[in-house]
Amino acid sequence: MKYLLDTANLEAIRFCNDIFPISGVSTNPSIVKASFAKSEKKPDFFAHMNAIRAVIGPESPFHIQVTAPDSDGMLRDADAILNRVDEQVCVKIPVTMEGLKAIRALKKQDITVTATAVYGKTQAFLALEAGADYIAPYYNRMENMGLDSDGVIAAIAQMISEYDYPTQILAASFKNAGQVERAFEAGAQCATMDPSILLAALKQPYILDAVETFQSDWKAIFGDVTAAELS
Ligand code: G3P
């Protein structure tokens, strides 16, 4: 079960990487746009991607999405990403007709591919057959469409198991920790989410209340000293 950060915000990545057991970062063009929303000048995309890589380290899964709509353009984007960041990047390809062509071509070159923008079983099953290393079903977006997000993830997990695909489910598109929990329970091996979801999960008042009670009970006996400060 792996937690990833779905953001290009360097400060958030640094902060969360120090606290949580994070197993990687994923980005897409909308996430890149959001992380540069306030900057005056046009960002240096590859410099920023390399800055993220420097924070998470060379071994950590780093998912970067292509931007071209056509398969040839996707292959050129993939080439640029792998050359200007590094060969370990997982190249994210939307599961469209052009995307399936690109996924199959990249897998012939043994490049790690994340099949993304998955809203249903057929997209996912085709991506499995195309050899994708990761599949990213969009949990919240499916739920918003009235689709059974848990059922889609469970079906993907079932096909992976039944046909022994070497593929991991990287569930994405979450609005709260409950959705993340259900994605894991449905069979996702990985989930990528905005840092705010993790931060909110541990800022629950009942957690903080419990800790305050522990501290006040301790102080009632030993005073305002920690265990380490006891003589
Ligand atoms: O990786 C895809 C994810 O970023 C989509 O999230 O919140 O735009 O549905 P969202």
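**Group meeting: a walk through the model**

Helix 8 and helix 9 run roughly parallel to each other, because angles under 35 degrees count as such and their axes cross at roughly 30 degrees. Before I go further: this is a predicted model.

Staying with that pair, the two axes come within 8 Å. The crossing of helix 8 past helix 9 is right-handed. Which residues make the contact? From helix 8 they are Asp150, Ile153, Ala154 and Ala157, and from helix 9 they are Arg182, Ala183 and Ala186.

Next, the strands. Eight of them, in the order 1-2-3-4-5-6-7-8, close into a barrel, with parallel pairing. From one strand to the next, the twist averages 25 degrees. As background, strands of a sheet pair through backbone hydrogen bonds, either parallel or antiparallel.

Strand 4, residues 90-94, pairs with strand 5 in the parallel sense over 4 bridges. Pro94 has Thr116 of strand 5 as its bridge partner. Strand 5 spans residues 113-118 and is mostly covered, with 6 of its 6 residues buried. The other example is strand 6, residues 134-137, which pairs with strand 7, residues 168-171, in the parallel sense over 2 bridges. There, Ile135 stands opposite Ile169 in strand 7.

What does Ile52 touch, leaving aside its neighbours within four places in sequence? Its contacts are Ala8, Leu10, Ile13, Val25, Thr27 and Phe62.

Last, a loop residue. Ser60 sits in the loop between helix 3, residues 45-56, and strand 3, residues 62-65. Is Ser60 buried or exposed? Its relative accessibility is 14%, and buried means under 20%, so Ser60 counts as buried. Not counting residues up to four places away in sequence, Ser60 touches Ser23, Gly24 and Arg53.

That is the tour.

Technical notes:
Residues numbered from 1 in each chain as written. Predicted model: local features only at pLDDT ≥ 70, side-chain atom pairs only at ≥ 80, totals over all residues. Heavy atoms only, no water. Contact = heavy atoms within 4.5 Å. Pairing = 2+ DSSP bridges. Axes fitted to C-alpha atoms, helices over the stretch in contact; angles between N-to-C directions. Parallel < 35°, antiparallel > 145°, perpendicular 65-115°, else oblique. Left-handed = near helix turned anticlockwise from the far one by under 90°. Buried < 20%, exposed > 50% of the residue type's maximum accessible area, 1.4 Å probe, protein only.
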